Amino acid sequence: MARNTVEAWIPEEYGSEVIQRITQTSVVEAVANRVPMSSDTRHVPRSAGMGVEVVDKGGAYGEDVSNNDDVLLYAKKFGKVLRIAEEDVDDSLVNILNVKMKDWGISYAKILDNASLAVTAAPGTGVPFQSLYYLLSQTDNNLGYTGSSNITVAGTGGATYANFSDAIGLVEAGDYYDPGTMIAIAHPTFKKSLRGILDSQQRPIFIEGLAGTPDTIFSVPIKWSLGARTSATATSAPTGRPIMAFVSTDLMHLGIRSGPESVFIDGRDGTSALTDESLLKMRARRGFVYGHPAGASILVG
C-alpha cells in the first residue's frame, strides 16, 4: 500500500540544541568559511597572492603574473535513520526524538571533522571529499608542492618539542602564513603530552585557557576535535593516530547545501502501520575543500 502523505524535511534553526551540539563538537562547522551551494558543486576562487615592486617616478607599473585559479566543492550527504516503536514514543518520560537528534548531531560533528581533516584515502566510497591529510600527502606540480612535505610524523615515544616546532614552522615559513587566522586543530589525546613539554627557557609551550580564553600552543589557539584521528574512510569513531593540524581559517571552505534537517515518518500510516514503527531521518549535505597545501601542516602523533 502506497503512502498517501508526503513529509517535508524540517531544517534545524541555528539556535537549536542540535546545532549547538554540532558547533560545540565540530571545529570545521564552527570556524570554516561557510559557502552556500545551490547545486552539488561550486567553484571557489583561489588567490595565488599578488606581487608588489618599487616603481620609479614616471616609470611603468609591472603587471602581476600570479597564477590565480579555483578549487571545487562537492556536496555529499551525511545521514542516518532511526526506527522507533510507537510505544517508545508514547511511553517515554523524555523526548526520545530530541535526544536522538542531539546524539546524531554529535556523531555528525565528529564524522565531518574526520572527513575534512584526517581521512588518508582519496575521495571515493566512504570518503566524501579530499581531506586536509590527503591534500598534504599528494604532490601538486602546478602549485609547486611536494607530497608529504608538510606532514611531520612523531616517533614511537610520542610527539616532542622538536615535532611541534617543526610542524608549526612549516606554515610560518610559507607565503600563506597569517598569525591572525592561524589555529591548531588537534585530538584531545595531545593534551597529556603537551602538559610536560617546555622550551629551552623552561616555559610551557602549551597554555590551558582560563575564563573563556582558548588553549594555545606557541601562542596559537587550539581547537579540540574528536574527529582528528587518521582513518581510511570517514567515521564518527576514528581509531588511527591522532593529528594536530596547523591551518588558516581563511583557507577552510565548508560548502552548505542543506541541513542539518530531519523528517519524521509516522508509523500509523502506510506499510509502517503493520509494525507500529516510526522512522526519524537526519541528514546534512556538506562539501569541504582546503585552499592551498602550503598554507597548512599536520603533526601525526
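Guide: Let us start with a definition: buried means under 20% relative accessible area, exposed means over 50%, and partly exposed lies in between, with a 1.4 Å probe and protein chains only. The model is predicted, so local features need pLDDT of at least 70 and side-chain atom pairs count only at pLDDT 80 or more, whereas totals for chains, interfaces and linings use all residues. Residues are numbered from 1 along each chain as its sequence is written, and side-chain values use heavy atoms, with hydrogens and water left out.

Visitor: Why is tyrosine 108 called buried?
Guide: Its relative accessibility is 2%, and the limit for buried is under 20%. Tyrosine 108 therefore counts as buried.

Visitor: What makes phenylalanine 78 and tyrosine 108 an edge-to-face pair?
Guide: Rings of Phe, Tyr and Trp (its six-membered ring) pair if their centres lie within 6.5 Å; planes under 30 degrees apart count as stacked, over 60 as edge-to-face and the rest as tilted. Here the centres are 5.9 Å apart and the planes stand at 75°, so the pair is edge-to-face. The structure holds seven aromatic pairs.

Visitor: Where in the chain do phenylalanine 78 and tyrosine 108 lie?
Guide: Phenylalanine 78 is in strand β5 (residues 76-85) and tyrosine 108 in helix α4 (residues 96-117), so that distant parts of the chain, 30 residues apart, are linked by the pair. Helices (H or I, at least four residues) and strands (E, at least two) are DSSP runs, numbered from the N terminus. Phenylalanine 78 is buried as well, with a relative accessible area of 8%.

Visitor: What makes the pair of tryptophan 104 and tyrosine 108 stacked?
Guide: The distance is 5.1 Å centre to centre, with 5° between the planes, and planes under 30 degrees apart count as stacked. Both residues lie in helix α4, four residues apart, about one turn of the helix. Tryptophan 104 counts as buried at 10% relative accessibility.

Visitor: Which residues form one aromatic cluster?
Guide: The cluster is made up of Phe78, Trp104, Tyr108, Phe129 and Phe288.

Visitor: How do you know that arginine 283 lies over the face of tryptophan 9?
Guide: A charge sits over a ring if NZ of Lys or CZ of Arg is within 6 Å of the ring centre and within 35 degrees of the ring normal. Arginine 283 is at 3.9 Å from the ring centre of tryptophan 9 and lies over its face.

Visitor: Why is the contact between arginine 257 and aspartate 40 called a salt bridge?
Guide: The term requires a side-chain nitrogen of Lys or Arg within 4 Å of a carboxyl oxygen of Asp or Glu. For arginine 257 and aspartate 40, the closest N and O atoms are 3.9 Å apart. Arginine 257 lies in strand β12 (residues 252-265) and aspartate 40 in the loop between β2 (33-36) and β3 (41-46), so the bridge ties together parts that are 217 residues apart in sequence. Arginine 257 is partly exposed at 27%, and aspartate 40 is partly exposed at 41%.

Visitor: With which arginine of strand β13 does aspartate 40 pair?
Guide: Aspartate 40 meets arginine 285 in a salt bridge of 2.6 Å, N to O. Arginine 285 lies in strand β13 (residues 277-290), so this pair ties together parts that are 245 residues apart in sequence. A search of the whole structure finds eight salt bridges.

Visitor: Is glutamate 29 buried or exposed?
Guide: Glutamate 29 has 5% relative accessibility and counts as buried. Its salt-bridge partner arginine 34, with closest N and O atoms 2.8 Å apart, is partly exposed at 42%. Glu29, Arg34 and Arg286 are linked in a network of salt bridges.

Visitor: What joins the side chains of histidine 187 and arginine 229?
Guide: A polar contact of 3.3 Å joins them. The term covers a pair of N or O atoms within 3.5 Å; within protein, one must be able to donate a hydrogen and the other to accept it, and residues adjacent in sequence count only if both atoms are side-chain atoms. Histidine 187 is found in the loop between β7 (182-186) and α7 (190-194), and is buried, with a relative accessible area of 7%.
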